[in-house]
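Thanks for coming. I have one model to go through this morning, and I will take it piece by piece.

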Amino acid sequence: MATRVRPSSKRCAVIGGSGFLGRHLVEKLLDRGYSVSVFDIRQSYELPGVTFHQGDLCNKQALLLALKDVSLVFHCASPAPASDDRALFERVNIQGTQTVIQACIEAGVQKLVLTSSASVVFEGADIKNGREDLPYAKNPIDYYTETKIEQEKLVLKACDKQKGFLTVAIRPHGIFGPRDPQLVPILVDTARRGKMKFIIGDGTNLVDFTFVENVVHGHVLAAEHLKPDSPICGKPYHITNDEPVRFWDFMSDVLVGLGYAAPRYHLPYTLVYGLALLLWLLSLILRPLISFKPTFTPMRVALAGTHHYYSCKRAKEDLGYKPVVSLKEGIARTVQSYPHLRHGA
Ligand SMILES: NC(=O)C1=CN([C@@H]2O[C@H](COP(=O)(O)OP(=O)(O)OC[C@H]3O[C@@H](n4cnc5c(N)ncnc54)[C@H](OP(=O)(O)O)[C@@H]3O)[C@@H](O)[C@H]2O)C=CC1
Ligand SMILES: CC(C)=CCC[C@@H](C)[C@H]1CC[C@H]2C3=C(CC[C@]12C)[C@@]1(C)CCC(=O)C[C@@H]1CC3
């Protein structure tokens with residue numbers, strides 16, 4: 001009788017491993033002695049100890065090849081949040097995640113760690129020290145958030161101790177760090193176009209920004225604590241820097257660190273939100289004639305003008321989580337990593 005080979009617990013796969021968070025995670029896993037299969041729609045680097053599988057996560061056969069002999073899977077692939085392609089979000093984040101779950105089960109994977117987002121509970125109104133038991137947003141602010149909610153529900157529901165398939169979701173917030181393609185590049189681009197002069201609201205709103213290595217640390221802890229007798233099975237965990245900061249102080253520190261002026265003039269939140277909504281509607285109506293992408297989308301204005309910070313008490317208690325890089329150090333390392341984005345470069 002053929003005996004089934006039990007996959008090695010040091011063999012894992014990172015779906016989305018070519019992306020910003022994914023690549024940092026892969027590097028940490030290699031440091032910790034894992035061998036890693038990366039599954040991604042693109043290959044962005046090469047590293048010893050990493051096997052690349054290029055493909056779309058909606059394709060189960062392609063996934064099965066990458067998951068052969070793998071016991072642990074991290075799923076951190078998603079279309080970019082700035083996209084407004086609803087069909088793409090539904091296909092990748094919802095149907096694609098269903099495919100990932102089926103492929104994991106068929107391949108005999110034992111643990112699935114999903115990168116969700118703290119935004120799954122954000123509706124545009126203040127969240128102060130939000131806990132994981134807050135209800136999912138009833139009116140999510142965009143298609144990204146709407147599909148991240150469905151994705152998280154699917155993964156947590158799939159947790160089945162009897163079948164030996166364990167799942168957990170990590171909810172980071174505002175990830176930043178070296179090679180981030182989003183936060184710092186968009187900020188610098190906005191500054192270079194002379195649009196970073198204004199503070200939306202009174203500038204006192206507190207927000208979580210999380211250094212990428214802390215997010216990676218949360219993922220590794222979750223994977224290593226995910227066992228049949230553990231309280232973390234089927235649960236979501238906030239992972240942040242645990243140092244809420246004024247949104248506009250964070251933006252100013254990054255801008256000033258790169259040689260740009262900090263925003264100074266205040267504009268009322270409701271005025272800017274109303275204008276952003278109007279521009280977004282105009283861009284939809286005029287789309288057949290002209291295509292333009294407003295910088296200040298309603299989502300970005302809501303994120304820039306409200307409180308949204310989260311408690312990571314549950315991660316501290318259940319995972320022993322503690323940030324490994326402070327906000328100050330994270331900002332310094334991030335600024336240093338972008339010489340090409342410095343003023344005048
Ligand atoms: N950045 C942040 O502030 C936050 C991010 N998150 C979550 O963290 C995760 C990682 O985000 P981040 O690293 O910033 O994003 P990236 O866009 O850098 O990484 C995502 C990777 O997934 C790939 N991908 C997209 N669609 C598919 C597909 N159909 N099949 C296979 N691969 C695909 C992307 O390729 P391509 O680039 O070609 O699309 C990219 O390489 C995401 O799940 C995101 O929702 C959560 C909270 C905050
Ligand atoms: C006002 C302005 C132009 C700010 C520039 C920075 C923004 C691009 C970022 C500020 C907060 C960021 C953020 C995300 C993306 C980039 C920002 C809007 C996410 C939406 C990324 C995906 C998530 O899951 C939640 C993040 C919240 C914070």
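This is a predicted model: local features need pLDDT of at least 70, side-chain atom pairs count only at pLDDT 80 or more; totals for chains, interfaces and linings use all residues.

Now ligand 1. Here 28 residues lie around the ligand, and Gly 16, Gly 19, Phe 20, Leu 21 and Ala 77 come nearest. By class, the shell around ligand 1 splits into 13 nonpolar, 11 polar and four charged residues. At least two residues of this shell come from each of helix H1, 20-31, and helix H3, 86-107. H1 gives the most, with three residues.

H3 packs with helix H4, residues 143-157, at an angle of about 10°, and their axes are 9 Å apart. An angle under 35 degrees counts as roughly parallel, so H3 is roughly parallel to H4. On the H3 side the contact is made by Arg 86, Phe 89, Glu 90, Asn 93, Ile 94, Thr 97, Gln 98 and Ile 101. On the H4 side, the residues are Tyr 143, Tyr 144, Thr 147, Lys 148, Glu 150, Gln 151, Leu 154 and Val 155. By class, the contact of H3 with H4 has seven nonpolar, five polar and four charged residues.

How do the axes of H8 and H9 cross? Helix H8, residues 269-285, and helix H9, residues 298-305, have axes that come within 8 Å and cross at roughly 165°. The two helices are therefore roughly antiparallel to each other, and their crossing is left-handed. H8 contributes Tyr 269, Val 272, Tyr 273, Ala 276, Leu 277 and Trp 280 to the contact, and H9 contributes Pro 298, Val 301, Ala 302 and Gly 305. Those residues divide into nine nonpolar, one polar and no charged.

One annotation to finish. An unreviewed UniProt entry lists residues 271-290 as "transmembrane region". In the model, the chain over residues 271-290 is 75% helix and 0% strand, with the end C-alpha atoms 25 Å apart.

Notes
Residues are numbered from 1 along each chain as its sequence is written. Chains are lettered from A and ligands numbered from 1 in the order in which they are written. A residue is near a molecule or strand if its C-beta atom, placed from the backbone, lies within 6 Å of it. Helices (H or I, at least four residues) and strands (E, at least two) are DSSP runs, numbered from the N terminus. Ala, Val, Leu, Ile, Met, Phe, Trp, Tyr, Cys and Pro count as nonpolar, Asp, Glu, Lys and Arg as charged, and the others, Gly among them, as polar. Axes are lines fitted to C-alpha atoms, for helices over the stretch in contact, and angles run from 0 to 180 degrees between N-to-C directions. Angles under 35 degrees count as roughly parallel, over 145 as roughly antiparallel, 65 to 115 as roughly perpendicular and the rest as oblique. A crossing is left-handed if the near helix is turned anticlockwise from the far one by less than a right angle, and right-handed if clockwise. Two residues are in contact if their C-beta atoms, placed from the backbone, lie within 7 Å. UniProt positions are given in the numbering used here, feature names are shortened, and annotations may be inferred rather than shown by experiment.
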